[in-house]
Amino acid sequence: MDRLFAKVEESFDFSHLQEWTVEAGRPDSVTEEKLKVLKVHPVSRISINPQTMKEKTLKLIGRKHSPEQIEEAFSLARAVGLDNINMDLIMGLPEETIEDVRFTMKKLYAMAPDSITVHSLAVKRAARLNTMKELYAHLKFENTGEMMDLTADYCRRLGLNPYYLYRQKNMAGNFENVGYARPGKEGIYNILIMEEKQSIVACGAGSVSKRVYPDGRIERCENVKDVASFIERIDEMIERKRKLLED
């Protein structure tokens with residue numbers, strides 16, 4: 001990770017850098033060593049994603065981490081001096097009730113992250129909930145306005161204001177994803193990608209580069225998702241981006 005970050009710093013002009021977010025991701029992958037690497041480089045924002053604080057639900061959806069690991073990862077991040085931490089939640093997970101959401105929000109309230117992104121469950125093609133449907137057919141998936149209002153209330157009490165909103169296909173309860181943040185801690189990338197006004201250079205398997213032209217026209221090019229294929233076809237992937245981004 002240190003070599004990767006050093007290469008990024010070597011390759012781009014950071015004199016006007018406004019945000020460097022790192023998806024710390026699943027709490028069981030977070031270590032003090034990794035967090036210290038983030039702190040050495042100009043990383044300004046990280047995301048630690050519990051999804052829920054209910055252990056039974058985490059096991060149901062195939063997550064390997066425990067609620068205790070979530071709290072430990074968050075504490076480690078604060079201890080090394082990271083002061084802009086986002087946490088992602090998902091509403092509408094199997095068998096979760098309003099009381100489960102309340103339990104999760106109480107836990108997050110105690111940790112006091114700098115931003116919280118509340119997602120409404122949207123089952124993607126490759127997700128465990130979709131590829132192993134037979135295991136979940138008997139379970140109840142429910143997202144309600146009451147649940148969304150509860151998350152909004154806790155975020156407000158934490159001093160987090162709503163700053164972006166977006167929809168995806170097949171979202172539980174036909175609700176939106178909502179981002180809440182302390183003033184000055186908003187995810188700039190989240191805003192720009194939703195507004196479709198920012199060109200994006202995306203590197204890595206499955207990523208999508210986007211060019212926004214002055215007249216508002218948008219063109220994209222995708223990298224293949226399979227990592228082995230991506231490595232094998234790396235010259236082709238680079239050439240795709242070159243054609244998109246160079247005049």
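This note comments on the predicted model shown above.

1. Basis. The model is predicted: local features require pLDDT of at least 70 and side-chain atom pairs pLDDT 80 or more, while totals for chains, interfaces and linings use all residues. Numbering starts from 1 along each chain as its sequence is written, and side-chain values use heavy atoms, with hydrogens and water left out.

2. Overall fold. The protein contains 11 helices and eight strands, taken as DSSP runs (helices H or I, at least four residues; strands E, at least two) numbered from the N terminus. Of the 247 residues, 43% are buried (under 20% relative accessible area, 1.4 Å probe, protein chains only).

3. Helix pair H5 and H8. The axes of H5 (residues 98-111) and H8 (residues 145-157) come within 10 Å and cross at roughly 15 degrees; axes are lines fitted to C-alpha atoms over the stretch in contact, with angles from 0 to 180 degrees between N-to-C directions. H5 is therefore roughly parallel to H8 (angles under 35 degrees).

4. Their contact (heavy atoms within 4.5 Å). H5 contributes Ile98, Val101, Arg102, Met105, Lys106 and Tyr109, and H8 contributes Glu146, Met147, Leu150, Thr151, Tyr154, Cys155 and Arg157. These residues divide into eight nonpolar, one polar and four charged; Tyr and Cys count as nonpolar.

5. Arg78. This residue lies in helix H4 (residues 67-79) and is partly exposed, at 28% relative accessible area (between the 20% limit for buried and the 50% limit for exposed). Beyond residues up to four places away in sequence, Arg78 touches Asp83, Asn84, Ile85, Ala112, Pro113 and Asp114.

How values were computed
Angles under 35 degrees count as roughly parallel, over 145 as roughly antiparallel, 65 to 115 as roughly perpendicular and the rest as oblique.
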